[in-house]
Amino acid sequence: MYFKIIEINKKNIKMKNYILLAALAFTSVLSAQTDTEKAAETVSKSEIEGHIYFLADDVLKGRATGSPELKIAASYLANTLRSYGVKPNPVSGDYYQKVEMFRFYLNEKIDLSFNGINFPEVVAFDIDAIDSEEDAVYLNYGLEADYKGKDVKGKIIIVKAGTPDAVELRPALGSRAPKRELAIKNGAKGLIEIGSFDQAIWPRFKHAFEERVSLSEGEKEPLPLYVWVQTSQEELDKLGAETLKIKIKSNGIQKAILQSQNVVGVLEGTDAKLKNEYVIYSAHYDHIGIGKPDAKGDSIYNGARDNAIGTTAVLTMAENLAKYPTKRSALFILFTGEEMGLLGSQYYVQNPILPLEQMIYCFNTDGGGYNNTTLATIAGLNRTTAKDKMIEGAKTFGLKALDIDEVAPEERLFDRSDNVSFAKVGIPAPTYSTGFDAFDDEINKYYHQAADEADSLDYDYLVKFYQGYILSGRSIANDPERPYWIKGDKYEAAANVLYGKVPEAPIKN
C-alpha cells in the first residue's frame with residue numbers, strides 16, 4: 001500500500017508539472033504575440049454589428065441627452081465593460097459619473113410677423129415672455145456703421161443674418177456675438193436676424209437650437225430677445241424700410257434640470273512605473289433623438305455613424321486591453337451631451353475621477369460619416385508626436401491615415417468634438433474618425449439624418465478601422481516615450497502648465 005501511494009503521488013507530481021509547463025508554454029505564446037496580432041484577434045465583425053445594431057435601434061429613440069433611452073444605452077455600455085473585466089469608476093464604485101445639466105426649451109411655437117407676413121421658421125437663442133405689436137427698426141446687417149444716426153433704444157432691431165461677406169448659415173454664426181454686443185451697447189431690447197439659408201442645413205440647425213442644454217443655469221441676458229428667422233430670398237430682398245410693423249408672441253424659453261451620465265471604466269497597466277500614466281479612450285454615445293420626419297416618415301435619428309461607431313471603437317479597445325493589458329493604464333470614458341455642446345467631456349475635465357496630470361493622451365473617436373473606405377481620417381494627426389503610430393496602425397490593416405485639416409481646414413473639426421475639452425487643459429488629444437475626403441452628398445445623406453441606420457454601414461471596413469485604432473492605441477500605451485504636442489501647437493502652453501514642463505529657452509542669435 002505504501003509503495004502504491006508513492007507511485008500515485010509521483011503521477012500527481014508529473015501531472016502537475018505537465019499542467020504547469022503547459023500553462024507556461026501558453027503564457028509564452030501569448031507574450032510572443034505581436035501587438036498587430038493582438039489587435040486583430042479581438043475584433044469580431046459579429047460583435048461589432050451587435051453593439052452598433054443595439055445602440056442604433058429604434059427602441060433607443062436616437063439616444064437624446066438626458067432621455068430614459070440614453071440611460072438604457074449607458075447601462076448597456078457599463079455592463080459590457082463589466083463583462084470584459086474593466087474596473088468601475090473608483091470614485092463612485094459603479095460605471096457611471098453623474099452629470100447634472102440645465103435644459104432650455106420652448107414649449108410652444110413663436111408667433112412672428114412683419115408687415116402682416118408670417119414667418120414660421122424661427123430659432124430662439126434668447127426670448128423672454130412677450131406679446132407685442134410695435135414698430136421695429138431695420139438696420140441692414142446690424143454692423144457698427146449701420147447704427148450711425150439711428151435711435152434704437154428700447155426697440156427691436158431687424159437685420160440681415162451674417163455679414164455681406166458671410167451670408168451662409170455656418171459662417172454667419174460667427175458674427176452672432178459681436179452683433180449681439182452692438183445691439184446691447186446701443187440699448188436695443190431685441191435683435192432679429194433674417195436669412196435665406198440652405199434648406200438642407202437649416203433643419204439640423206433649428207433642431208440643435210430648439211432645445212439646448214448647459215452645465216450652468218446661466219446669467220440673465222441683457223438682451224431679452226434674440227432670434228434667427230429663415231425666409232425666402234424673395235422676402236429677404238423686400239427688406240429695406242427703416243420701420244417695420246412687427247407682431248411677436250411667445251411664453252419664453254423654459255428651464256428644467258436634466259440628469260444624465262458619463263460611462264467610465266479603468267484598467268491598470270502592467271509596467272511598475274508606466275502604469276501611473278493613463279491613455280484615455282473616449283467617444284460620445286448620445287445623439288440628437290427624434291426630429292423632423294424624412295421622406296419615408298422616419299423621425300428617429302439613430303446615429304449609427306454619429307456615434308455608435310465611435311462608442312463601439314471604445315468597447316473594442318476595452319475588450320482588447322482587458323485581455324492584453326498595455327504598460328500604461330487605460331481610462332475609458334463614454335460621454336453624454338456631446339451633441340449639446342461637448343457637455344459630458346467638459347464636465348469630466350472639471351470633475352476628473354483621476355488626476356488630469358496622469359492622463360498623457362486622449363485617443364478620442366467620433367464621426368459624422370465616411371465616403372472613402374481606404375482611409376482613417378484623424379483630427380489632429382499632425383499635431384502630436386504619436387503621428388507615426390497612428391499612420392502605422394492604420395497602414396497595417398490596409399488603411400491610409402489622413403489629417404482632417406487636409407480635407408476641410410475651414411470646418412475646424414479638431415475643436416468640434418470631445419477631444420478639445422482635454423486639449424484645452426493640455427492633454428494631447430486627436431480624434432480618430434472613419435474615412436472621408438470631402439464634405440459631399442454621401443456625408444450629408446447620413447450626417448444628423450434619419451437615414452443613419454445600422455444596416456447602412458460597411459462592417460468589413462469597420463473591422464479594419466477598429467483594428468487600426470486598437471493597434472495605434474496599443475503602440476502609444478506601450479511606448480516608453482510619452483507623446484506630446486508638436487512644438488508650437490496652440491495647446492502646447494497648456495500642456496506645459498499641466499505637466500509642469502519648463503519650455504525650452506528661445507535660441508539667441
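These legends describe several close-up views of one predicted model. Because the model is predicted, local features need pLDDT of at least 70 and side-chain atom pairs count only at pLDDT 80 or more, while totals for chains, interfaces and linings use all residues. Residues are numbered from 1 along each chain as its sequence is written, and side-chain values use heavy atoms, with hydrogens and water left out.

**View 1. The nine-stranded open sheet.** The strands of this open sheet follow the order S8-S1-S11-S13-S12-S14-S17-S15-S16, with mixed pairing; strands (E, at least two residues) and helices (H or I, at least four) are DSSP runs numbered from the N terminus, and two strands pair if DSSP finds at least two bridges between them. Strand S8 (211-214) and S16 stand at the edges with a single partner strand each, so one side of each is left without a neighbour in the sheet. From one strand to the next, the twist averages 25°. Helix H9 lies across strand S11 (254-267), S12, S13, S14 and S17, and runs at about 150° to S12; such angles run from 0 to 180 degrees between N-to-C directions, with axes fitted as lines to C-alpha atoms, for helices over the stretch in contact.

**View 2. Tyr 281 and the largest nonpolar core.** This core has 62 residues, and Tyr 281 is among those with the most contacts inside it, together with Ile 52, Val 263, Phe 332, Tyr 466 and Tyr 469. A nonpolar core is a set of buried Ala, Val, Leu, Ile, Met, Phe, Trp, Tyr and Cys residues joined through side-chain atoms within 4.5 Å, where buried means under 20% relative accessible area, exposed means over 50%, and partly exposed lies in between (1.4 Å probe, protein chains only). Helix H14 (residues 459-478) gives the most to this core, with 11 residues. The bridge partner of Tyr 281 in S13 is Phe 332, and S12 pairs with S13 (residues 329-335) in the parallel sense over seven bridges.

**View 3. The surroundings of His 284.** His 284 lies in strand S12 (residues 278-284) and counts as buried because its relative accessibility is 0%. Its side chain makes a polar contact of 3.0 Å with the side chain of Asp 306, and another polar contact, of 3.1 Å, joins the side chains of His 284 and Asp 366. A polar contact is a pair of N or O atoms within 3.5 Å; within protein, one must be able to donate a hydrogen and the other to accept it, and residues adjacent in sequence count only if both atoms are side-chain atoms.

**View 4. The peptide bond between Asp 306 and Asn 307.** Most peptide bonds are trans. The bond that joins Asp 306 and Asn 307, however, is cis, with omega about 15°, and Asn 307 is found in helix H9 (residues 304-323).

**View 5. Two faces of helix H11.** Met 390, Gly 393 and Ala 394 are buried in helix H11 (residues 387-396). Seen down the axis of H11, its buried residues fall within an arc of 90°, so they line one face of the helix; the arc is that of the directions from the helix axis to the C-beta atoms. Asp 388 and Lys 395, on the other side of H11, are exposed.

How values were computed:
Contact = heavy atoms within 4.5 Å.
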